[in-house]
Amino acid sequence: MNKKKLHVKTGDTVKVIAGDERGKTGRIIAVNIEKQRVTIEGLNQVTKHKKPSASNPQGGIEKVEAPIHASNVALVDPKSGETTKTATRKNSEGKTERYSKKTGEVI
């Protein structure tokens, strides 16, 4: 399968740039690298029907966040608050770091 890294990771704040949730921002709570999908807190809610079980005797309908393809989200720069692309470079100690292509600052 495709084991490429994504431009975003868990905990990043992103803006949705395509689809039904376009223009909304949120924090990434899960990343699926295999399927190139990210789950964003509070966005892309879908309805799931839960069968009654021992732990949930009532059952019922609940809203759950569905994953969005990673190409449909753009990273929000924490300092400027606008979307940016990222790149990697080595810092003075030789460690790899992500940085904003707009501002050049480490993210």
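The model is predicted, so local features need pLDDT of at least 70 and side-chain atom pairs count only at pLDDT 80 or more, while totals for chains, interfaces and linings use all residues. Residues are numbered from 1 along each chain as its sequence is written, and side-chain values use heavy atoms, with hydrogens and water left out.

I turn to the domains. The chain divides into domain 1, residues 1–76, and domain 2, residues 78–106; these bounds come from an automatic or database domain assignment. Taken over C-alpha atoms, the domain centres are separated by 24 Å.

How many residues of domain 1 are in contact with domain 2? There are 8, and they meet 7 residues of domain 2, where contact means heavy atoms within 4.5 Å. Between them the two domains bury about 580 Å², with 55% of it on carbon and sulfur atoms. Buried area here is the accessible area, with a 1.4 Å probe, that two parts lose on being put together, summed over both. Of the area that domain 1 buries against domain 2, 74% is supplied by His7, Leu75 and Val76, more than by any other three residues.

The side chains of arginine 98 and aspartate 12 meet in a salt bridge, at 3.0 Å from N to O. On the side of domain 1 that touches domain 2, strand 7 (residues 73–76) gives the most, with 3 residues. Strands are DSSP runs of E, at least two residues long, and are numbered from the N terminus.

Six strands, in the order 6-3-2-1-7-8, form an open sheet with antiparallel pairing; two strands pair if DSSP finds at least two bridges between them. Strand 6 (68–69) and strand 8 (83–84) are the edge strands, each pairing on one side only.

Within this sheet, strand 1 (residues 13–16) is joined to strand 2 (residues 25–32) by 3 bridges, and threonine 13 stands opposite arginine 27. Strand 1 also pairs with strand 7 over 3 bridges, where lysine 15 has alanine 74 as its bridge partner. Strand 2 is joined to strand 3 (residues 37–40) by 4 bridges, with isoleucine 28 partnered by isoleucine 40. These two strands form a hairpin with 4 residues between them, and glutamine 36 in the turn has a positive phi of about 60 degrees.

Terms used: Salt bridge = Lys/Arg side-chain N within 4 Å of Asp/Glu carboxyl O.
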